[in-house]
Amino acid sequence: MPQPALTVAHLVKTFATGEGVLRVLDDVSLQLDAGQSLALTGESGSGKSTLLHICAGLEPADSGQVHVAGQAVTGASDSARAALRRGAVGLIFQQFNLIPSLTVGGNLAFQARLAGRHDPAQVSALAHRLGLEALLTRYPEQLSGGQQQRVAVGRCLAARPALVLADEPTGNLDEATGDAVLDLLLEVAADAGAALLLVTHSPRLAARCGARIHLRAGRLEAP
Ligand SMILES: Nc1ncnc2c1ncn2[C@@H]1O[C@H](COP(=O)(O)OP(=O)(O)OP(=O)(O)O)[C@@H](O)[C@H]1O
């Protein structure tokens with residue numbers, strides 16, 4: 001049996017605030033298999049980004065476990081978590097986060113090079129799929145928002161992650177452009193066999209994913 005792309009087991013996360021201890025995640029468990037897409041919704045401040053950051057190894061949990069493609073994230077060393085973000089986990093944020101000094105082609109190859117998995121033919125295929133072929137020699141500042149986010153999607157998938165974590169990836173785009181980018185993200189992730197966890201405020205965008213889950217008062221529930 002292949003390993004699940006993501007396993008979250010009994011995750012607890014609290015923050016100490018001026019008003020007391022905030023229990024943001026309260027015994028959260030979920031599993032995502034290769035090729036699946038899951039939308040995570042929840043009100044502002046419900047803990048969606050916190051869950052995503054813990055899955056990416058960017059933030060520690062109080063207790064519970066996260067595994068990505070069988071590798072432990074919680075409890076792993078800083079260097080192991082950094083290695084995970086170079087390889088098994090791909091991140092896409094609302095801000096496009098492209099490298100301004102690199103061309104589109106350079107940005108597309110960047111993450112795959114870091115992961116030691118650069119394959120020019122695969123980058124070309126992704127550029128074609130994402131409609132970026134005519135833009136390969138441009139720099140990020142010469143692109144529209146939708147074009148920049150398509151580059152970010154390609155850069156992420158070129159490294160062949162087992163798991164893509166996307167936090168409001170279309171939040172800076174108008175509705176039509178955002179829908180188009182999300183459809184491409186869903187397509188290329190599914191084609192690559194990557195699992196996708198999508199954080200969104202939008203029930204409309206969430207409905208495009210294979211499954212949906214809602215975070216309320218620290219617990220996961222059906223939307
Ligand atoms: N470092 C911190 N210290 C204290 N509280 C924090 C910290 N980081 C986050 N929080 C609190 O934890 C809760 C969850 O934050 P989080 O950013 O995960 O929510 P979210 O669901 O992603 O919100 P949004 O949809 O507005 O982005 C919020 O109430 C936030 O204020």
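Is histidine 201 buried, exposed or partly exposed? Histidine 201 counts as partly exposed, because 14 other C-beta atoms lie within 10 Å. For that call, a residue is buried if 20 or more other C-beta atoms lie within 10 Å of its own, exposed if 12 or fewer, and partly exposed in between, with C-beta atoms placed from the backbone. You'll find histidine 201 in the loop between β8 and α7. Its C-alpha is 9.9 Å from that of aspartate 167, although the two are 34 residues apart along the chain.

A quick word on what you're looking at. This is a predicted model, in which local features need pLDDT of at least 70 and side-chain atom pairs count only at pLDDT 80 or more, while totals for chains, interfaces and linings use all residues. Residues are numbered from 1 along each chain as its sequence is written.

Now step back to the whole chain. The protein chain is built from seven helices and 10 strands; these are DSSP runs, helices being H or I of at least four residues and strands E of at least two, numbered from the N terminus. Its radius of gyration is 17 Å, close to the 17 Å from the globule rule for 223 residues, so the chain is as compact as a globular protein of that length. That radius is taken over C-alpha atoms, and the rule is 2.2 Å times the number of residues to the power 0.38. Along the principal axes, the C-alpha trace spans about 50 × 35 × 35 Å. Buried residues make up 43% of the 223. Of the contacts with a separation of 6 or more, 71% join residues 24 or more positions apart, a contact being two C-beta atoms, placed from the backbone, within 7 Å.

Next, the ligand. Around the ligand sit residues including Phe15, Thr17, Gly45, Lys48, Ser49 and Thr50; a residue is near a molecule if its C-beta atom, placed from the backbone, lies within 6 Å of it. The shell divides into three nonpolar, eight polar and one charged residue. Here Ala, Val, Leu, Ile, Met, Phe, Trp, Tyr, Cys and Pro count as nonpolar, Asp, Glu, Lys and Arg as charged, and the others, Gly among them, as polar. β1 (6-17), β2 (20-32) and α1 (48-55) each supply at least two shell residues, and α1 gives the most, with three.

Helix α1 is mostly covered, with six of its eight residues buried: Lys48, Thr50, Leu51, Leu52, Ile54 and Cys55. Two of these, Ile54 and Cys55, are in contact with valine 66, which also touches Val8, Leu11, Val73 and Thr74, leaving aside neighbours within four places in sequence. Valine 66 sits in strand β4 (residues 63-68) and counts as buried because it has 23 C-beta neighbours inside 10 Å.

Finally, follow α6 (residues 175-192). Its 18 residues reach 26 Å from first C-alpha to last, close to the 26 Å expected at 1.5 Å a residue, that is, 1.5 Å times one less than the number of residues. Gly178, Val181, Leu182, Leu185, Val188, Ala189 and Ala192 are buried in α6. They cover an arc of only 135° around the axis, which puts them on the same side of α6; the arc is that of the directions from the helix axis to the C-beta atoms. The face turned away from that buried side carries the exposed residues Glu175, Ala176 and Asp183. Among the elements covering the buried residues are α5 (145-158) and β8 (195-199).
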